[in-house]
Amino acid sequence: MKLKTFLMTCAASLALAAPALAERELTVGTQDNEVSNLYAGLQAMGETLAEVSGGEMTLTIFPSSQLGDFRAMVAQVQAGELDMVTTGYPDMSYVIPELNLIGAPYVADDFGHLQEIVNGPWGQEMDAAFIAQGIRMLDLWYYGTRQTTSNRAIESMADMEGLRMRTPNVPFLIAYAQNVGATPAPVAFAEVYLALQTNQVDAQENPLPTIEAMRFDEVQSHIAITNHFIASIAMMISDDLWTSLSEEEQGWVMAAVEAGGDVNDSRTVEAEAELLATFEGRGLSVTQPDLAPFRAAMQPYYEELEAQFGEGAIARIRGDR
């Protein structure tokens with residue numbers, strides 16, 4: 001009887017433990033903080049994952065670079081220590097050099113065009129390159145379009161001449177400043193406000209939500225809609241983990257990723273539209289210069305890239321638009 005009682009107790013314990021054992025927790029790391037549109041998208045992703053899986057799969061988010069910068073988190077995904085990571089799509093060029101092509105200014109006209117590129121033949125080649133690094137890209141989320149602010153009106157590319165423009169220490173953004181006639185001045189992000197305030201630099205470039213968040217509009221009087229770079233976020237997962245999931249589980253994950261992307265994208269698009277009116281209400285002038293000369297000015301940089309990645313590489317990516 002003692003053995004029977006013991007076996008019955010074990011069976012009951014296993015039955016109670018079964019739901020917990022069936023639950024699968026996924027982890028995702030991001031550099032963005034809890035007030036970002038990206039974080040709101042990740043929250044929606046987690047809620048959808050729990051819903052479509054009936055609670056069998058959950059998502060735990062590690063925001064604000066808690067696990068390190070994006071390179072550290074990519075390494076953790078590759079090592080199987082983290083399940084998912086968000087990075088800027090061209091940011092992975094440090095392991096996949098061809099991604100420098102999509103980072104070049106004006107290669108993508110807008111986010112819709114960028115999606116076409118990523119979903120097209122060239123993007124499929126990049127997907128294979130990601131997998132070779134142990135990472136699978138699941139989706140592309142919109143992160144905003146970079147614009148140019150300055151302390152004088154930019155009505156045409158000629159007005160860029162001689163501007164001391166703060167850029168990140170990123171080759172394609174330095175190339176943007178140089179090729180349109182400005183003088184690039186890499187300044188640490190945390191020091192940009194002071195650099196603008198003290199006239200150390202005359203201009204800077206960032207997406208509108210970043211300009212608002214960092215209060216650059218307080219120390220700049222003009223915003224030019226230059227649309228020189230379409231920023232995006234790659235939602236990536238460990239390839240080993242992905243291939244270990246059943247077809248049904250993969251479907252749950254994709255449904256969640258798409259729901260999160262919808263939240264992130266809609267919030268970012270709405271914010272950009274509202275911010276133009278907000279900035280104008282604060283007294284800033286908004287100009288929309290002809291961008292054809294800006295695009296044409298990038299040709300020497302395109303030629304540098306094509307010397308490395310093959311003649312016609314830019315036209316191939318753009319689909320000869």
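**Exercise 1. The largest cavity**

Task: Determine how much space lies in the largest cavity of this predicted model, and which residues lie nearest its centre.

Solution:
1. The largest cavity holds about 70 Å³ of space.
2. A search of the whole structure finds 1 cavity of 30 Å³ or more.
3. The lining consists of 13 residues, and nearest the centre lie Ile-102, Ala-104, Ala-108, Phe-229 and Ile-230.
4. Strand E8 gives the most to this lining, namely 4 residues.
5. By class, the lining has 11 nonpolar and 2 polar residues, and no charged ones.

**Exercise 2. The largest pocket**

Task: State the volume of the largest pocket, and describe the classes of residue in its lining.

Solution:
1. The volume of the largest pocket is about 1200 Å³.
2. Its lining comprises 39 residues, and those closest to the centre are Asp-32, Tyr-143, Arg-146, Asn-206 and Thr-210.
3. The lining divides into 18 nonpolar, 16 polar and 5 charged residues.
4. Strand E8 (residues 222-238) supplies the largest share of this lining, with 4 residues.

**Exercise 3. Helices H2 and H11**

Task: Decide whether H2 and H11 are roughly parallel or roughly antiparallel, and describe their contact.

Solution:
1. Helix H2 (residues 37-52) packs against helix H11 (residues 247-281) at an angle of about 150°, and the axes are 7 Å apart.
2. Angles over 145 degrees count as roughly antiparallel.
3. H2 and H11 are therefore roughly antiparallel to each other.
4. Their crossing is right-handed.
5. The contact includes Gly-41, Ala-44 and Met-45 of H2, and Ala-256, Gly-260 and Arg-267 of H11.
6. The contact residues comprise 13 nonpolar, 6 polar and 1 charged.

Notes:
Residues are numbered from 1 along each chain as its sequence is written. This is a predicted model: local features need pLDDT of at least 70, side-chain atom pairs count only at pLDDT 80 or more; totals for chains, interfaces and linings use all residues. Side-chain values use heavy atoms; hydrogens and water are left out. Axes are lines fitted to C-alpha atoms, for helices over the stretch in contact, and angles run from 0 to 180 degrees between N-to-C directions. Helices (H or I, at least four residues) and strands (E, at least two) are DSSP runs, numbered from the N terminus. Angles under 35 degrees count as roughly parallel, over 145 as roughly antiparallel, 65 to 115 as roughly perpendicular and the rest as oblique. A crossing is left-handed if the near helix is turned anticlockwise from the far one by less than a right angle, and right-handed if clockwise. Contact means heavy atoms within 4.5 Å. Ala, Val, Leu, Ile, Met, Phe, Trp, Tyr, Cys and Pro count as nonpolar, Asp, Glu, Lys and Arg as charged, and the others, Gly among them, as polar. On a 1 Å grid over the protein atoms alone, a cavity is a set of points where a 1.4 Å probe fits but cannot get out, and a pocket is an open set with protein on both sides within 12 Å along at least five of seven lines; lining residues have an atom within 4 Å of a point. Grid points are joined across faces, edges and corners, and a volume is the space filled by probe spheres set on the points.
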